[in-house]
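Ready for some practice with pockets and rings? Have a look at the model first, then try each exercise before reading its solution.

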Amino acid sequence: MREQYFIDVLNRFDTDEIYARELCDFPTKGELTVHDKAVLEHDKIPIRERIVNELHLIQKWNHKKESGVPPRFAECSFFNFECRTENEKHIFQKVCDFVSQEHNEGVLLMTGAKGTGKTHLGTAAVRDTQGRYVSMEDLIYKVESSLNFKSPQTEEEVFNDYSTVKFLVIDEVGRSLKREKEIEILSYILRKRYDNQLPTIVISNLEKKVLLKNLGEAVVDRLREIATSIEFTGESYRILKRKVA
């Protein structure tokens, strides 16, 4: 994961002089004179700042307006996801593998009951990739609102926005009352993201077979071609929190 990567780089940069010399393009062999050490410490400052800034951007991305992440999930990360069972550890690893995959252009379909951690992991993925989160309901609203002449975005701009963002998470899929509009929008965005070779996570509270039935043949054909799926099971984290309270 990118966040863990920069944490490791920063720790190593601060504790391993040879590694720090490498990043500063400094000779790695031989003892340093007092003068050389002073020069090295000076050269380390801007490099360390770049590492810290990159890490800070990842850690704060969910709080930015561009992320689309609701405030309720702004603190969600891969570090604070609680795996209660071996199956949840397996699910967690599959999501991490998808997010960290190089040259990723696929779709990860995350389905299952409410409160089982899907949105937490989805927004954690947005944070780690500095991507975008949107619920299907909000996406439909954005597209329909764009048809108003007072809208700041045209319909084409809305579609292009979500078709080109480097990592996209679409939540609450398959339950809209505007079923035909949902199918139309989802089919278009998945096709364009496939053409653009960009990764997408699709989240639904429905069981996989129910979701695929609701989405229609056009979307299902697209998902069959490019998607892998994870079924989330187990007791709701929300119910567990209420029991503790």
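**Exercise 1.** Find how many residues line the second largest pocket, and which lie nearest its centre.

*Solution.* Start with the count: 13 residues line the second largest pocket, and V99, Q101, T129, F167 and P199 are the ones nearest its centre. A pocket here is an open set of points on a 1 Å grid over the protein atoms alone, where a 1.4 Å probe fits, with protein on both sides within 12 Å along at least five of seven lines; lining residues have an atom within 4 Å of a point. Next, the space: this pocket holds about 260 Å³, a volume being the space filled by probe spheres set on the points, which are joined across faces, edges and corners.

This is a predicted model: local features need pLDDT of at least 70, side-chain atom pairs count only at pLDDT 80 or more, and totals for chains, interfaces and linings use all residues. Residues are numbered from 1 along each chain as its sequence is written, and side-chain values use heavy atoms, with hydrogens and water left out.

**Exercise 2.** Work out how the rings of F98 and F167 are arranged.

*Solution.* Their centres are 6.3 Å apart and the planes meet at 75 degrees, so the pair is edge-to-face (rings of Phe, Tyr and Trp, its six-membered ring, pair with centres within 6.5 Å; planes under 30 degrees apart are stacked, over 60 edge-to-face, the rest tilted). Now place them: F98 sits in helix α4 and F167 in the loop between α7 and β3, 69 residues apart. Finally, both F98 and F167 are buried (under 20% relative accessible area; exposed is over 50%, partly exposed in between, with a 1.4 Å probe and protein chains only).

Terms used: Helix = DSSP H or I, 4+ residues; strand = E, 2+ residues; numbered from the N terminus.
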